[in-house]
Amino acid sequence: MDFWVVVAEEHGTVKPVTRELCARAAELAGAAGGKVSALVLSGRGEEINQQLAGLGVAQSICVNSPELRRYRTRPWVDAAAAAVRAHSPKVVLVPATTNGREFAASLAAALDTGIAADATEIAVDGGKLLAKRPVYGGRLVDTIEFTGDGPCICSVRPKAYSDPGAGAGDAPAVVATEAALGPDSLDAEILGFAANEGESVNLVDADVIVSGGRGIQDPKNFEMIQQLATELGGAVGASRAVVDAGWIPYPHQVGQTGKTVRPKLYIAVGISGAIQHLAGMKTSETIVAINKDAAAPIFKIANWGFVGDALQIVPLLTKKLRERKGAGSPA
Amino acid sequence: MKSVVLIKQVQEAPSVQGEPGGPGKVVADSQNVTNPYDLFAVEEGIRAREKHGGEVTAITLGGDTAVESLREALAMGVNGAVHVKDAAFDELDSSGAARVLAAAIGKVGEVDVVFVGKATIDTNMGVTGPMVARHLGMTVLTEVFEVGEVDVAGRSITVKRLLEDGLQEVKAKLPALLAVTKDINEPRYASLLGIRKAAKAPVTVWSGGDLGVTATSATRVAARTVPAARPAGEQFQGEPEELAEKLVAKLVEGKFI
């Protein structure tokens, strides 16, 4: 039972989710008697191959073409589908990033096979891949079983498995091929990209997230949220209510209609914990809630609940954190 | 410009049954609604017609009640409605549904743009749209929050997409399938006149036989469970100063600082 992991990288640095999936695939392939291959489509196989050392990856299948340097769905899927047909892996794991989700679904269609999207857990039972994924706003979890003959395409959420970190040892063997891409493969051209302003780390990748809700009372209090997030090296999230009210832009929204996040630490400030919000963050490792209302639903899932006035507690907290660091700047 | 909007009827907020960690199921105790994301797609389809002319057709795959969603789309202003209905399609997975919907779009004719919502609120896969696009050889564009220039004669469309770390602008070939986010527009309310007209408007019904497809699933839901409950947490009360101090201590304890 051979596993492939589609490598997600940025400017020659593999993303943590790549290591997470390689390491998990190695566990499963080891138990099921198969090997793990990394599929590198960006043409930067030479640069990144060493970063795949120590993860249990037997080989890197590098499909090269100038048209693949920058991610675009059609040429990546065409190249990947050809490689899958040539090598017939049983499972193809794809990081469930925005582009990864689009890629995985398109790849499954190209191969006329099934998909489990946004898996939070993958396992093998009796030679079959099983993928768990949340449904109905995270209130239920489905276990998807692949019943067809084709390869199992599965997109897996970042942080579903812990990042083993950069490994040491020999880099995987490189199997390099050229992609044969016709004009039909080139159906989109990226005109531009504007990075989110004032954000050193995006919500999905962040280890720490500080989120604000109605309870912070005023849009200008997002400054207080930002300061705490900055102090903890984290990103700023928000509830749907404050996004809908225009206090902060939509890319910050955490929840069923926003982003699903799984940081190590999630601090919910003035968020009551509507079920739609919980759907997007309840699998965070440690949840801290600060809220005036002791009966707020957020306290039911919080590891540490603080009942009190967020507008006072948060600035005090930031000040204390700064003092500990000895930065000395007054809050 | 000829476009299609794919919509799905879902339960608005059904309750779930089961004990944490054990088997669970959805209870059909909630009203049926059009998947909220799909209304943004319907609105965008109507706006495209208003701007570029042509027509927009809503298609749904579902049981008898799914026609209600088609009526809603008609009331909002789509020109035509197609109900793909076949008992053989009841339990299809996304890959099977994508095959059926692709066939239905093919039967509608040469389409320039297909609009879909980014995902449905029930199973939240978000894969059917991209799969349909692939089957039809259309450019796939997900997470679209703004449609820019559309050059139907020149066969191109420009959109903005919302990625994790920023906004991407893409110029793509037509035909294209756009999966839209909730921020793209504000869906209009149907007018009273619109609702009255929609109630009488014809809805085309196609079966698997009409479409010439026998779709099959490649996956199945082997188990549905209620997630294990999080262990009960600690709750602290007191003066802000004490609470902030306690939180610092907890962050130290958790090795976050």
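At what angle do helix H5 and helix H9 of chain A pack, and how far apart are their axes?

1. This is a predicted model, in which local features need pLDDT of at least 70 and side-chain atom pairs count only at pLDDT 80 or more, while totals for chains, interfaces and linings use all residues. Residues are numbered from 1 along each chain as its sequence is written, and chains are lettered from A and ligands numbered from 1 in the order in which they are written.

2. In chain A, helix H5 (residues 222–231) packs against helix H9 (residues 310–325) at an angle of about 30 degrees, the axes being 9 Å apart. Helices are DSSP runs of H or I with at least four residues, strands are runs of E with at least two, and both are numbered from the N terminus. Axes are lines fitted to C-alpha atoms, for helices over the stretch in contact, and angles run from 0 to 180 degrees between N-to-C directions.

3. H5(A) and H9(A) are therefore roughly parallel to each other, a label for angles under 35 degrees.

4. Four strands form an open sheet with antiparallel pairing, in the order S8(A)-S9(A)-S10(A)-S14(B), where two strands pair if DSSP finds at least two bridges between them. Strand S8 (121–125) of chain A and strand S14 (219–225) of chain B stand at the edges, each with a single partner strand, so one side of each has no neighbour in the sheet. From one strand to the next, the twist averages 30 degrees.

5. Strand S10 (residues 140–146) of chain A pairs with S14(B) in the antiparallel sense over 6 bridges, and Phe146(A) stands opposite Thr219(B) in S14(B).

Conventions
Parallel < 35°, antiparallel > 145°, perpendicular 65-115°, else oblique.
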